[in-house]
Structures are given as structure tokens and as C-alpha cells.
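Open the model in your viewer and keep the selection panel at hand. The tour goes stop by stop.

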Amino acid sequence: MLDEKISAGQLAAIVILFQIGSSSLFLLASEAKHDAWISVGIAMLLGMAMLLLVTMPIQAKAPHSDLIEILNRYFGKYLGFAVGLAFIGYFIYKSVRNVREFGDLVILYMLPGTPLDVVMIVLLLVGAYAIYHGIEVFFRVGQLVLPWLLLIYILLFSLLFVSGLVDFKRLLPLLERGWMPVWNAAIPEVISFPFGEMVVFLMFWKHVTRFSDFKKFTLLPYAFSGMFIVITNMLILTVLGDLSGAYVVPFMFGTSLIQIGGFLERMDPFVSLLLFGGVFFKQTTYYLAAVLAAAQLFKINRRFVVVPVGAAIFVGAKLFKSYMEQIRLGFEHNLKFHFPVFQIILPVILLLVMLVNRWLKRKRDRRVLEPPQNE
């Protein structure tokens, strides 16, 4: 299991699926009204800067180690263990939110008579099955599924244009209230979700078959998925205007308005596929990261951790009283205060410790190599 490898193409596919997730179905930065797409673009660029300057340099300086191994090496046995345990909690909680969101939305829009527990257990079982069979299996599935999900998106985009629902005038006037509302909507909320979440790939990059490919096949997919989310947000606004933020899943509502020739309508099944596919890959990526991290931290076989971590995710998802409670907690607390700790603060501290450690090591090596001065 330790020798599991993933190809550069498989890494690229999971980066795209992970970044897009279900975020393209919602209007991000809705506080910025019809300028929300600009906020998303700003957050994407800042997220890329974080990826280029902090997250990927951490991996580049420890090419054969994952996040838990890096923490133990540079933070020491006890602090490394504590921070590693905190990251496991972060991965589990992120998975919890995806599982609960999926369960609530499925009951709200598709299967109103189905018990919430059943929907969440099905999603978790599918994820657990993929994880049990290994990293390679999960990443390979992502590579197979990605083209089909993108095809569905392209189909729905085309139908929105053909049906005459798209009106770019709804994006005007640009920056009507100035830059501050746009900037405030982007930071820190949209950076935290979805662009700051790339820290999870510190658990996977060491498995890339040819390590030198990890930067290229992370950055390009990140840029593609970021632009895809910007375009999707623009499209939602061109269809629904400033009222987009009033809908729980605005993309679903927008596509429900499609009517062509009196027979082509009701696109809900396609949006349901996008929701399931997006949430599945997002939550399973976090689920897998939590399993790998726990197995590494406690020095046990990964397969023994799959069920306990899955049970923790299920129990955590059950703790929310309602969909609105988890949304309120997410936007009022998690995105502003909790997630940036794991996405920005701890990675920056870790990188600084690594740089100082390397500088001290070079200084010691120079002292050893320098010939003694003659008195």
C-alpha cells in the first residue's frame, strides 16, 4: 500500500473535480450581487498565490513525505502529533459538511420522503468502498468520470443560451458599489471555499508517479477549475440577476427554466448527477485524506481506519439540527475563523520552520567544511 502511485493525469482530474465540487451550482460571494463573479476571480488568484508560494513549496522541500510525516519531522514528536491530529479533525469536518449538505439537498429537491440517514450512509458507503480499494482506484475513477461531468455542464450551458435565458446586461453596471464590497465578499470566505482547500493535496502529492509533474498538473487544473467556477457564477447571474442569492441552488433553478420547443425541459436529473458527482469526489477526497493521515499518525493499516473515520463523519453530519444551521455555522464562523487556520496560518508557519531549518543546516555544513584558520 505504501507504494501506491497515481499518474499526472489522474492527479489533474481529481484537482478539477475537487475544486469544482458542488461550488459551481451555487452563487459564491453573493454579497457582491452582480459583481460576485469578480470576487470569485480575485479569490481564485489569491488562492493560486497561496498554492505557488506556500503549499507546493512545502511539498517540494519534502518530496517523499506527506503532510503528517512533514509535521512530525519539522514540528517534533509531540507538537507534530498534536497538529497532525488537528488536521485529521479538519479533514473529517470538511467531509462532514459535504455529506450533510448533500443529504439535505437530496431530500429538499429530489427524494423528499427518504430518511436523511439513508442518503448520507449511501454516499459514505460508496466513498468507503473506493477508499478501501486504495488511492489508485479512487484517482482512476476520477479520471474516468471527469469527461462525463464536464459534458453535462457543457450541455446545460448550451441549453441556457439556446433557450434565450442568458442576458449579459444583468452583469451591469460593473463595480456599481466600488471595489470594497467585491473585495470583502472574496476575503476570506471565497478563499476558504473553495480555493484555499488545496492544502489537502499535501496528503497525495508524494504518490505522483513522476514527482516533477506534480506542480504542472496541479496548477493548470487549478486554473481551469477556477475559471470554470468564475464562468458558472457569471452564467447564474446572467440568468437570474441579483435574485440569484435568494435561491438555495441557483444553478438548479436556472436550468429548470429551460424550455425548448415545448418538449425539452426539466433538467433536474442532470443537475442531480452534477450534485452527486461533485459532492462525492469532494467529500471522498477529504475522507481519504483523513484515513491516510490517521493511519500515518497512529502507525496502523489504512484499511482498519476506513470504518472509524466514516463513522465519525456520519455522527458529525447528524449533529447539525438543520441545513440552515450548518450553513450559518459555515459562513459565520468556519469560513472566517476556523478554515484559514488550516489553509493559511499553519501552512505558512510550517514553511517558515522548514526554511529556517534548511538555513541552519546549511550554516552548520559550511562550518564543518571550512578549514580551520591558522593562528
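Buried means under 20% relative accessible area, exposed means over 50%, and partly exposed falls in between (1.4 Å probe, protein chains only). This is a predicted model, where local features need pLDDT of at least 70 and side-chain atom pairs count only at pLDDT 80 or more, while totals for chains, interfaces and linings use all residues. Residues are numbered from 1 along each chain as its sequence is written, and side-chain values use heavy atoms, with hydrogens and water left out.

**Stop 1: Asp-213 and Arg-210**

Select Asp-213. Asp-213 is buried, because its relative accessible area is 15%. A salt bridge here is a side-chain nitrogen of Lys or Arg within 4 Å of a carboxyl oxygen of Asp or Glu. Arg-210 itself is exposed, at 55% relative accessibility. By this rule the count comes to 8 salt bridges.

**Stop 2: the Lys-206 network**

Which residues are linked with Lys-206 in a network of salt bridges? Select Asp-66 and Glu-69 along with Lys-206. Start with Asp-66: its side chain meets that of Lys-206 at 3.9 Å, N to O. Asp-66 sits in the loop between helix 2 (36-60) and helix 3 (67-75), and Lys-206 in the loop between helix 7 (179-192) and helix 8 (216-240), so the pair ties together parts 140 residues apart in sequence. Helices are DSSP runs (H or I, at least four residues), numbered from the N terminus.

Move to Glu-69. Its salt bridge with Lys-206 has closest N and O atoms 3.2 Å apart. This pair also links distant parts of the chain, as Glu-69 lies in helix 3, 137 residues from Lys-206. Lys-206 is buried at 17% relative accessible area. Glu-69 is partly exposed at 24%.

**Stop 3: Arg-100**

Go to helix 4 (residues 77-109) and pick Arg-100. Buried or exposed? Arg-100 is buried, with a relative accessible area of 4%. Show Phe-320 too: its backbone oxygen lies 2.6 Å from a polar atom of the Arg-100 side chain.

**Stop 4: Val-122**

Select Val-122 in helix 5 (residues 116-132). Val-122 is partly exposed, at 44% relative accessibility.

**Stop 5: Arg-358**

End in helix 12 (residues 323-369), at Arg-358. Arg-358 is partly exposed, at 34% relative accessibility.

Definitions and conventions. Helix = DSSP H or I, 4+ residues; strand = E, 2+ residues; numbered from the N terminus. Polar contact = N/O pair within 3.5 Å; in protein donor to acceptor, adjacent residues only side chain to side chain.
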